[in-house]
Amino acid sequence: NELTISHLILVVDEAITNLLEHSFSEKDNSLIIISLIFENNRLKIIISDNGKSFDLRDFVNIDMKEYFKSLKKGGLGIYIIKEIIDEIEYYPANSSQKLNKLILIKQI
């Protein structure tokens with residue numbers, strides 16, 4: 001449905017924004033690949049990149065009451081992703097896998 005599509009677009013936008021802002025340091029050879037796989041009523045969004053490794057599963061959830069009290073702007077990307085996505089997998093680049101892989105899974 002349209003709400004699910006909007007949520008998934010938001011999730012991908014937040015993940016890519018985080019990569020661009022925090023993972024790349026003005027490299028000319030920055031690479032981001034987005035793949036979609038739909039199987040067994042599950043959509044897998046695979047985001048592969050050659051930036052600095054960061055496992056968003058380790059991110060501590062935000063206390064929303066404190067967030068709003070502080071009048072802070074921004075910083076909700078990972079929170080939004082975790083609220084919308086059903087499963088998150090992360091595989092950092094290593095000697096046999098040249099790219100980081102973030103896999104976001106949503107039951108459809």
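Reply: Let's take helix 1, which has 22 residues and reaches 31 Å from its first C-alpha to its last, close to the 32 Å expected at 1.5 Å a residue. That expected span is 1.5 Å times one less than the number of residues. Helices here are DSSP runs of H or I with at least four residues, strands are runs of E with at least two, and both are numbered from the N terminus.

Before going on, a word on what you're looking at. This is a predicted model, where local features need pLDDT of at least 70 and side-chain atom pairs count only at pLDDT 80 or more, while totals for chains, interfaces and linings use all residues. Residues are numbered from 1 along each chain as its sequence is written, and side-chain values use heavy atoms, with hydrogens and water left out.

Now, the start of the helix. Asn-1 caps the N-terminal end of helix 1, with a side-chain oxygen 3.1 Å from the backbone nitrogen of Leu-3.

Which residues of helix 1 are buried? They are Leu-8, Val-11, Val-12, Glu-14, Ala-15, Ile-16, Leu-19 and Ser-23; buried means under 20% relative accessible area, with a 1.4 Å probe and protein chains only. These buried residues pack against strand 1, strand 2, helix 3 and strand 4.

Some of those partners pair up. Strand 1 (residues 32-39) runs antiparallel to strand 2, joined by eight bridges, and strand 2 also pairs with strand 4 (residues 100-107) in the antiparallel sense, again over eight bridges. Strands count as paired if DSSP finds at least two bridges between them. Strand 2 (residues 42-49) is mostly covered, as six of its eight residues are buried.

Then there's the largest nonpolar core, with 17 residues; Ile-45, Ile-47, Ile-81, Ile-85, Leu-102 and Leu-104 have the most contacts inside it. Two or more residues each come from helix 1 (2-23), strand 2, helix 3 (77-84), strand 3 (87-91) and strand 4. Helix 1 gives the most, with six residues. Such a core is a set of buried Ala, Val, Leu, Ile, Met, Phe, Trp, Tyr and Cys residues joined through side-chain atoms within 4.5 Å.

How values were computed:
Buried < 20%, exposed > 50% of the residue type's maximum accessible area, 1.4 Å probe, protein only. Contact = heavy atoms within 4.5 Å. Polar contact = N/O pair within 3.5 Å; in protein donor to acceptor, adjacent residues only side chain to side chain.
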